[in-house]
Amino acid sequence: MFVISEKVELTKGVFSLWVEAPKIAKHAQPGQFVIVIAEEDGERIPLTIVDQKEDKIRLIFQVVGKSTQKMSEIENGDSFAHVVGPLGMPSEIDYYGNVLLIGGGIGVAPIYPIMKALKEKGNRVISILGARNADLVIMEKEFRQIADKVIITTDDGSKGMKGLVTNGMKKIVAEGEKIDKAWAIGPVIMMKFATKTAQELGFPIIVSLNPIMVDGTGMCGGCRVTVGDSVKFACVDGPEFNGELVEWDELLKRLGQYKVEEKSSLEEKKRRKPKKILKNKVPVKKQPPEVRKNNFQEVAYGYCLEEAMMEAERCLQCPDQTYNCIKGCPVGIDIRGFIREIREGNLSKSAEILKSYNNLPAICGRVCPQENQCEGLCTLGKTGAFEPVAIGRLERFVADWERVQRKNEDNKDTFNLNNTKGKIAVVGSGPAGLTTAADLAKMGYYVKIFEALNKPGGVLTYGIPEFRLPKDIVFEEVEYVKSLGVEIETDVVVGKTITVDELREEYDAIFIGTGAGTPKFLNIPGENLNGVYSSSEFLTRVNLMKAYEFPFVDTPVKKGKNVVVVGGGNVAMDASRSALRLGAENVTVVYRRSEQEMPARREEYENAVEEGINFMWLTNPIECSGDEVGNLTSVICQKMKLGEPDSSGRRRPIPIENSLVEIPADLFIVAIGQESNKVLLNAFPELKLNKWGYIEADPETLATSIEGVYAGGDIVTGAATVIEAMGAGKKAAKAIDDYISSRVGKV
């Protein structure tokens, strides 16, 4: 898809590529960048768009590591696996008067489109091109064709004037040039001193920041930098910022945090043996804790046929008037029906019933909080003498059986695949988007899903670890949705790669299911030290990019010896257990409330305890301490006590005076929730938002403030469960069908 049409080595180790990317070329503006993934499971590399023509974009990169080395080996006619963009905010192009463009090393390339645009606005343009020596100077001819004055600086004096770009800046001013505004792009250390020099010379300077990026869409927070009095995400709020406001020393320390990991290797994984635990329910076999904590393979093995039939016999098959479990299911599965067919050995019929309600049963059977939903209302469990029926385990068993049968049979489910009723765009391929798309496809609509990341599945792919939800399960369920006629296009950031207006012109309705992807931080001192992660970034590296297999894959992740995780939800459990599997010696979860208030699933908490995770209740981090080079060394916490209930009914934690606790840590993961992702919302200002910044949607139809646009899942409710997002998807599909059907004959 992203074919390389022209490859040139500009100088040793520096390559220029023209890449076929029509949608990106159409919308790209100066200063924006793309994320390039050379091959599946490769690292996400941010590259500025240097130029564009017709349906192609030009990228220039330097070989600096494993990923860029692979990119350099791609030849004309080959393709990148994924190119995502355009991302970031465009440069503020206007008439300023005399402007100075400073490019250092490979930074010469991204300064070029800004220079062209400023020249077109009538500015007088002066350019400084800096390099270590004459052989590394790039794009000189192209700059001389546009700029009014070009100055070359080389460290060794082999070309142009000897010295750094800062020497060139001083020379220009000394010659009487008045600079009204400057831009600098290059190594961070260069931009820092270019900023300092600009301040001394008395003119404003804009810098383009490229710290470590993971997803490039504002989801992970890995590119956070302190600008002025606030923390910004370079990929969303930038990449350009006022250089005078950037905390350069902090940024430089963050950029060096993977030096050790780049040299490390992954230890061999051990095999595991099943262990029987739990009572009343038919026990499910699991890997023993001492084995599973060393691998990322699924913890629970699931039922065999005999075990499933034994568990199904526990179901009371309640009469209709006391049929409670369905009331706790957000998608309304006929639970009694599919369990009855298991009891009778009719697995085909059981699977048919299950999939008529739930398009992703193999996923839901693994990750849904059944104890708070269907199983929480089970009549057997309400007796007090028995555990409820293991509805989730039975759902997983039937779904896994059906997946195997689907692989072994040539025939597929028959649905109305004419797709003639209308065209629907779905933004986001998480559980809400997949459910909406599948249901609408079954109704006879053409549905296309637009996914920002390089793999579909949303939180199912990037957020939930393999040991809870194997990714082959996710992708097989996605393939089922595609078999219904749904088309999925990855690497498309709606609002950037394609505009909202373009979607509205082409599609009869739009469903937004982008999730709540912006991480929350504690906003405490030291939170930008090396070794501090949002749970989103940490889990994205581990799950989407499989960093636990580094260096056999390209993306690294820190593997702390002493790890602290803050939070009490399922994400905190996932992060702590993942850190343990990466080789941590001590993992401690701190939570400001007590065990009783912890929102995580009980099963996941018990698994964590079995694996050796430590828990410190009524404990709240207030500061991160680090060493002189910016690495985390400890987390300082304050002990808490529970006060009176607040307006929500939860008892509010209150600090206890003189109760500080310092926990040694070289890795700190913040797992306290997410906020709405602003990329789409910024591009769709007509959407009405609630006071928390989420999309306001009708609770029954999920219709937004804009006709024909619907939204559901975490982007509406805030962080919730997979099955709740799927329930929203089913509501939206029905409402969209009703909406389009009502318009037939009126247009």
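**Burial, packing and pairing in a predicted model**

Modeller: I102 counts as buried, because its relative accessibility is 0%. The cut-offs are under 20% relative accessible area for buried and over 50% for exposed, with partly exposed in between (1.4 Å probe, protein chains only). The model is predicted, so local features need pLDDT of at least 70 and side-chain atom pairs pLDDT 80 or more, while totals for chains, interfaces and linings use all residues. Residues are numbered from 1 along each chain as its sequence is written, and side-chain values use heavy atoms, without hydrogens and water.

Biologist: Where does I102 lie, and which residues does it touch beyond four places in sequence?

Modeller: I102 belongs to strand β9 (residues 98–104); strands (E, at least two residues) and helices (H or I, at least four) are DSSP runs numbered from the N terminus. Beyond four places in sequence, I102 is in contact (heavy atoms within 4.5 Å) with I111, I128, V165, M169, W183, A184, I185, M190 and I205.

Biologist: Why is E54 called exposed?

Modeller: The relative accessible area of E54 is 76%, so E54 is exposed. E54 sits in the loop between β5 (51–53) and β6 (56–62), and its phi is near 50°, a positive value in a residue other than glycine. N658 has a positive phi too, near 55°, but is found in strand β31 (residues 651–664). With a relative accessible area of 82%, N658 is therefore also exposed.

Biologist: What makes α10 oblique to α11?

Modeller: Helix α10 (residues 305–312) packs on helix α11 (residues 335–343) at about 125°, and their axes are 8 Å apart. That angle makes α10 oblique to α11: under 35 degrees is roughly parallel, over 145 roughly antiparallel, 65 to 115 roughly perpendicular, and the rest oblique. Angles run from 0 to 180 degrees between N-to-C directions. On the α10 side A308, M309 and A312 take part, and on the α11 side I339, I342 and R343. The residues of this contact comprise five nonpolar, no polar and one charged.

Biologist: How do you know that α20 and α21 are oblique to each other?

Modeller: Helix α20 (residues 535–543) and α21 pack at about 50°, with axes 10 Å apart. At that angle α20 and α21 are therefore oblique to each other. S535, F538 and L539 of α20 meet V571, D574, A575, S578 and A579 of α21.

Biologist: Why do β25 and β28 stand at the edges of their sheet?

Modeller: The sheet is open and has five strands in the order β25-β32-β26-β27-β28, paired in parallel. β25 (532–534) and β28 (614–617) each have a single partner strand, so one side of each is left without a neighbour in the sheet. On average, neighbouring strands here are turned by 20° against each other, direction ignored. Pairing requires at least two DSSP bridges, and β25 has three with strand β32 (residues 667–670), in the parallel sense. In β32, F668 is the bridge partner of V532.

Biologist: Which strands does α21 lie across?

Modeller: Helix α21 (residues 570–581) lies across β26 (562–566), β27 (586–591), β28 and β32, running at about 165° to β27.

Biologist: Where are P86 and P551, and what joins each to its partner?

Modeller: P86 is in strand β8 (residues 82–87), joined to G85 by a cis peptide bond with omega of about 0°. P551 lies in the loop between α20 and β26, and a cis peptide bond with omega of about 15° links F550 to P551.

Notes. Ala, Val, Leu, Ile, Met, Phe, Trp, Tyr, Cys and Pro count as nonpolar, Asp, Glu, Lys and Arg as charged, and the others, Gly among them, as polar.
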